[in-house]
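Subject: A structure to look through

Dear colleague,

The sequence and the model come first, and my notes follow below them.

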Amino acid sequence: MSETAPLEPGAPAVEGAIPLCVPYLSGNERRYVEDALATNWVSSAGPYVSRFEKMVGTFLGVGHAVATVNGTAALHIALLVAGVEPDDAVIVPAMTFIAPVNAIRYANAWPVFLDAEEQHAQLDPVEVERFLREECALGAGGRLVHRATNRRVKAMLTVNVIGHPCDYARLRPLADEFGIVLIEDATESLGSNWNGRRCGAVGDIAALSFNGNKLITTGGGGMLLTRNENWARRARYLTTQAKDDAAEFIHGAVGYNYRLSNLNAAVGCAQMEQLHFHILRKREIAARYDGAFAAVRGLRPIGDAPWAESSRWMYTMQVSAAEFGMSRRALGARMAEEQIQTRPLWQAISDSPAFRGDSRIAHPPCPMATRLHETTLSLPCSVGLTKDAQERVIAAVLRATEC
Ligand SMILES: *Cc1c(COP(=O)(O)O)cnc(C)c1O
């Protein structure tokens, strides 16, 4: 390939290699970015920012959308506007990418790690209920207190892992009963539904990410979504340096420079135009893999719960070493030899060196999250993954069973 030849959308950086999940930029991205450049609107104000917010807000049916520099920033601000204060405790799954846990620490609050359920690798509602009923108590003024640390439990930060929604039929009533805010990390679940409702529209407030490997991308970017107008206003204020008077440089709080640029939002608008196509392709790829692996002993694709319609953003299966005859690590290594990129679900955050040794954090055991890291493998599932490449992935997995 010559240096000047543009890559096909979704093409791997190394020819012949199949990457896990790369962007697909096939629509008006270039046109809108050129327009942003031509009109000199390149920074954190401009027509594409508000248009992008409107497109995402409309898709989710949520009234207020605030675009941010990335998903982690959206989570940080969501925690602040939802009223999480220093030394509060926030429930979070141990089986998650680290970003939401870091965001809790940025807010000077503390994570309470709870375990995952086995079927879909999501936050286990049984664990949440046990924690709330057995480890917490209602204190003065209806304050919910975690007894072991004497911290106020202010929120539950759920994460829709690999695109699949959490079991909100059980989590939502618990949040309501105990008077805690439900913050939805929907970064991986744009285009998924829980019980017919869009992920990102289920929580009291939600965060999305438009990082390069997400369902749609802006390069880097994120968004905060809520029906609460006051929270949205506060989020807009905090993400733009908390200006009370922009002309006189009067700031009413310690703010953040977290707004998305118009250049990034231009890409986002073009990507949103392709959203339904992206969802369709993800589901097609998942259906093909599901079909190919259905009869393979020891492989269990993580499919949809009866109440879920997942975008299947990140195709993931559980590998039983005993039945499959090979660990997910060995299978991943075998795939790598054929230049096929795979990865496991994350190390449980309760096991992460970044948090494990911190005695200020409550560490109930999370054995399922620990186990899922050892038994899961995600396969290439880029929107632009060709049928040939999908067949290559399937063949490589099936070949491993023959060894
Ligand atoms: C991608 C992701 C984020 C953070 O998004 P960034 O835009 O990379 O900051 C947060 N939570 C989860 C679960 C993610 O997968």
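Alanine 232 has a relative accessibility of 3% and therefore counts as buried, where buried means under 20% relative accessible area, exposed means over 50%, and partly exposed is in between, all with a 1.4 Å probe and protein chains only. Please keep in mind that this is a predicted model, in which local features need pLDDT of at least 70 and side-chain atom pairs count only at pLDDT 80 or more, while totals for chains, interfaces and linings use all residues. Residues are numbered from 1 along each chain as its sequence is written, and side-chain values use heavy atoms, with hydrogens and water left out.

Alanine 232 sits in helix H7, which covers residues 229-238; helices (H or I, at least four residues) and strands (E, at least two) are DSSP runs, numbered from the N terminus. If neighbours within four places in sequence are set aside, alanine 232 is in contact with His64, Val66 and Thr226, contact meaning heavy atoms within 4.5 Å. Between alanine 232 and valine 81 there are 151 residues in sequence, yet their C-alpha atoms are 8.0 Å apart in space.

The buried residues of H7 are Trp231, Ala232, Ala235, Tyr237 and Leu238. Among the elements that cover them are strand E1 (64-68), helix H3 (71-81) and strand E11 (222-226).

Next come the pairs of packed helices. Two packed helices are described by the angle between their axes and the distance between the axes. H3 and H7 pack at an angle of about 130°, and their axes are 10 Å apart; here axes are lines fitted to C-alpha atoms, for helices over the stretch in contact, and angles run from 0 to 180 degrees between N-to-C directions. H3 and H7 are therefore oblique to each other, since angles under 35 degrees count as roughly parallel, over 145 as roughly antiparallel, 65 to 115 as roughly perpendicular and the rest as oblique. In this contact, Ile77, Leu80 and Val81 of H3 meet Trp231, Arg234, Ala235 and Leu238 of H7. By class, the contact of H3 with H7 has six nonpolar, no polar and one charged residues, with Ala, Val, Leu, Ile, Met, Phe, Trp, Tyr, Cys and Pro counted as nonpolar, Asp, Glu, Lys and Arg as charged, and the others, Gly among them, as polar.

Helix H5 (residues 125-135) and H6 pack at an angle of about 15°, with axes 10 Å apart, and that makes H5 roughly parallel to H6. The contact is made by Pro125, Val126, Val128, Glu129, Leu132 and Arg133 of H5 together with Arg170, Leu171, Leu174, Glu177 and Phe178 of H6. The residues of the contact of H5 with H6 divide into seven nonpolar, no polar and four charged.

Which backbone angle has a positive value in isoleucine 162? The angle is phi, which is near 50° in this residue other than glycine. Isoleucine 162 lies in the loop between strand E6 (151-159) and helix H6 (168-178), and its relative accessibility of 4% is why it counts as buried. Glutamine 241, which is not a glycine either, has a positive phi of about 65°. Glutamine 241 is in the loop between H7 and E12, and at 34% relative accessibility it counts as partly exposed.
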